[in-house]
Amino acid sequence: MTKGNFPVDKLKGIETPFYYYDMDLLKKTLKIVKEETKKYGFIQHYAVKANANRRILELIASEGFGADCVSGNEVKAAVNAGFPASKIVFAGVGKTDKEINLALDLNIFSFNVESLPELEVINELANKKGKLAQVALRINPNVDAHTHEYITTGLNENKFGFSLAHLDAVIETLQTLKSIKLIGIHFHIGSQIEEIKTFEPLCEKVNELQIYFEEKGIKLEHINLGGGLGIDYENPDAHLIPDFASYFEMFHKYLKLRDGQMAHFELGRSIVAQCGALVTRVVYVKQGEQKAFAIVDAGMTDLIRPALYQAYHKIENISSDLPVKKYDVVGPICESSDVFVKSYDLNETSRGDMLVLRSAGAYGEIMASQYNCRELPKPYYSDKI
Ligand code: LLP
């Protein structure tokens, strides 16, 4: 039996909770991203933070994508999965000396640098190795991403990037740093951005900054626009593959790229979210005073997004076709925030039913923890079960 895209009979034998990845969907998604970027000659670096699962990284690397990393271990994971170092960009406000040295030794494509002290440290460490480090300045464009405050990154109040007001001083310092080569500028305004037009002010800001750099006599070879394209959590089946065509077309239309200049992107969520689901079993159905609780064996340790960002993941009961009833679907963790959803319509459920939490391929497995001494959820793949 299959329900939706879920091979229920095959999944039944697996100990829950676990992540299930639809590798066909991932392949189809990658194909479309490639087609849409190719139209304009855009370059894609998959944001490893969304899902660093080895098989997923290997597949994405084999399709020719680059990688966007935010820690030394992400850089290592990317290289081990087959991403060439020459396609790796490395962002993050707190890169340590160890991480910088690793990236220098590997000759990654670019450091997306977020502060003056970081720039100075990269210069010093590159100098010691007799290397020239390629860097892009991450600029905080003060553009509102209109998304959850925890995943907004491009406002002045956020910790990320250089503020516009400090650019003059940064450029002056850069001229004294002999082991640094400035290759471009980098932006990332936030994540789960649902309205494509939200990116238009970013393009305008980039266009203004291009003029600013030109006036300083600086030629930028690379413009990195970050990631952030949102997905449909409410109704995943209606949009299993996000609207990459409109997204890239918008940048093509609004960005004024100079001759030979390359635009780079760092999409994470929109590439992997819909291909993953968290599969869990109902342990108990408990009748409360006013409501029924479906207590499941997955918790906030397996998928923290609902507890951390009040995020919604669609839940389906793949074991039941009974009429729907209302449940609070909750996990077993000793925290009141360990609730996936409240007062939710689910096909009537009983102990042992399998539920799937949809759209969990991004920021799901990778954010799992072992709080309460729990085991980490294991991944399973549609082409290997
Ligand atoms: N580039 C940079 C510099 C980033 O900080 C991020 C995400 C991305 C690219 C990828 O963004 P995406 O295309 O995935 O939106 N844990 C949160 C999301 C945090 C995003 C952090 N930065 C969540 O579960 O919603």
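Ground rules: I am working with a predicted model, where local features need pLDDT of at least 70, side-chain atom pairs count only at pLDDT 80 or more, and totals for chains, interfaces and linings use all residues. I number residues from 1 along each chain as its sequence is written, and side-chain values use heavy atoms, with hydrogens and water left out.

Entry 1, overall shape. The C-alpha atoms fill a box of roughly 70 × 40 × 40 Å along the principal axes.

I counted 11 helices and 19 strands (DSSP runs numbered from the N terminus: H or I of at least four residues, E of at least two). Buried residues make up 55% of the chain (under 20% relative accessible area, 1.4 Å probe, protein chains only).

Which residues of β18 (residues 354–357) are buried on each side? I noted Met-354 and Val-356 on one side, and Leu-355 and Leu-357 on the other. In a regular strand, side chains alternate between the two faces of the sheet.

Strand β13 (residues 276–287) pairs antiparallel with β18 over 4 bridges (pairing needs at least two DSSP bridges), and Thr-280 has Leu-355 as its bridge partner. Strand β15 (residues 315–317) also runs antiparallel to β18, joined by 3 bridges, and Ile-315 stands opposite Leu-357.

Note on methods. Buried < 20%, exposed > 50% of the residue type's maximum accessible area, 1.4 Å probe, protein only.
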